[in-house]
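Colleague: I would like to go through the labels on this model. Please set each value against its cut-off.

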Amino acid sequence: MRDITIGQYYPSESVIHSLDPRTKLMGTFLFIVTLFITKNPWWYIPSFILVLAVYRLAKVPFGYLLKGLRGIIILLIFTLFFRMTITSGEVFARLWIFEFTWEGLRVAIRMTSRIALMIVSASLLSYTSTPRMLADGLERSCRFLEKMHVSVHEMALIVMIAFRFIPVMIEEMNDLMDAQASRGVEFKHCSVAKKCKNIYSVLVPLFLSTVRRSSDLAMAMEARGYRGEGPTTKMYPLVYTKADRIAYGFMILYFLVIVAVRVRFG
């Protein structure tokens with residue numbers, strides 16, 4: 001639980017932090033799109049180098065990048081193992097009833113690389129933008145949906161509240177686990193069945209606490225007259241700067257290069 005990075009903000013004075021949230025949202029979106037455009041696993045190496053460079057510009061420690069990956073390490077191992085075994089092709093190794101193929105290895109590397117790079121890019125977006133900034137950026141970016149009678153403001157508010165609740169729930173989960181451990185409940189050195197039984201003593205109070213917290217939040221919003229409809233104003237309106245225009249230029253150039261590589265080399 002301590003390795004979950006989505007929703008956590010890392011305060012720093014950097015160029016990436018100062019960018020408009022719309023710029024960072026678009027950059028993350030284009031980066032994820034390019035991950036699905038490229039088919040050759042070797043092209044994920046430049047993508048990873050680009051992520052490292054952006055982390056460096058954001059002045060976010062490299063350990064935070066690894067922290068985000070530790071939370072999904074089981075998913076990555078599961079994806080890598082089963083993609084190598086269920087994909088037909090030339091077999092290069094056997095383990096019990098499983099056959100590992102070269103084609104499966106290429107597919108597994110491609111899929112795990114995509115998942116890992118998507119997680120670290122989304123984590124970077126969270127590290128460099130507060131929930132309020134992300135909600136404002138999402139609302140401004142999706143304003144065109146209002147013509148289709150989509151409540152963009154309420155959608156952005158839901159995203160902001162969800163991001164704010166993630167670190168709160170993680171902290172409360174850790175407190176509950178520490179409290180149960182002090183009472184003799186074992187979470188580490190026991191069987192899987194015992195772990196599932198013990199974690200039940202944590203999930204029930206966590207669920208009740210979440211429901212109570214959401215009810216208190218709803219009553220507080222109603223008491224302050226929030227209705228979620230009509231025009232709204234911002235204390236800090238979003239304004240593009242020169243740095244944002246330069247960032248958009250780099251993003252478009254990177255996207256065009258990836259598309260050209262995909263067309264040229266496949």
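Colleague: Why is Arg 106 called partly exposed?

Modeller: Its relative accessibility is 44%. Buried means under 20% relative accessible area, exposed over 50%, and partly exposed in between (1.4 Å probe, protein chains only). So Arg 106 counts as partly exposed. Bear in mind that this is a predicted model: local features need pLDDT of at least 70, side-chain atom pairs count only at pLDDT 80 or more, and totals for chains, interfaces and linings use all residues. Residues are numbered from 1 along each chain as its sequence is written, and side-chain values use heavy atoms, with hydrogens and water left out.

Colleague: What makes Arg 106 and Glu 103 a salt bridge?

Modeller: The N to O distance between their side chains is 3.8 Å. The term requires a side-chain nitrogen of Lys or Arg within 4 Å of a carboxyl oxygen of Asp or Glu. The pair therefore qualifies as a salt bridge. Glu 103 is partly exposed, at 29% relative accessible area.

Colleague: Why are Arg 106 and Glu 103 about one helical turn apart?

Modeller: Because they are three residues apart in helix H6. Helices are DSSP runs (H or I, at least four residues), numbered from the N terminus.

Colleague: How many salt bridges does a search of the whole structure find?

Modeller: Four. Another one of them joins Arg 132 and Asp 136, with the closest N and O atoms 3.3 Å apart. Both residues lie in helix H7 (residues 131-141), four residues apart.

Colleague: Is Asp 136 buried or exposed?

Modeller: Buried, because its relative accessible area is 11%. Arg 132 has 33%, so it counts as partly exposed.

Colleague: Which salt bridge has its N to O distance at 2.7 Å?

Modeller: The one where the side chains of Arg 213 and Glu 172 meet. That pair links distant parts of the chain: Arg 213 is in helix H9 (residues 192-223), Glu 172 is in helix H8, and they are 41 residues apart. Glu 172 has 19% relative accessibility, so it counts as buried. Arg 213, at 34%, is partly exposed.

Colleague: What makes His 17 buried?

Modeller: Its 8% relative accessibility. His 17 sits in helix H1 (residues 15-18). Its contacts (heavy atoms within 4.5 Å), not counting residues up to four places away in sequence, include Lys 24, Val 60, Tyr 127 and Met 133.

Colleague: How do you know that the His 17 side chain makes a polar contact with the side chain of Ser 14?

Modeller: The distance is 2.5 Å. A polar contact is a pair of N or O atoms within 3.5 Å; within protein, one must be able to donate a hydrogen and the other to accept it, and residues adjacent in sequence count only if both atoms are side-chain atoms. The His 17 side chain also reaches the backbone oxygen of Tyr 10, at 2.7 Å.

Colleague: Where does Asn 174 lie?

Modeller: In helix H8 (residues 152-182). Asn 174 is buried, because its relative accessible area is 12%. Its C-alpha atom is 14 Å from that of Val 204, 30 residues apart along the chain.

Key:
Helices (H or I, at least four residues) and strands (E, at least two) are DSSP runs, numbered from the N terminus.
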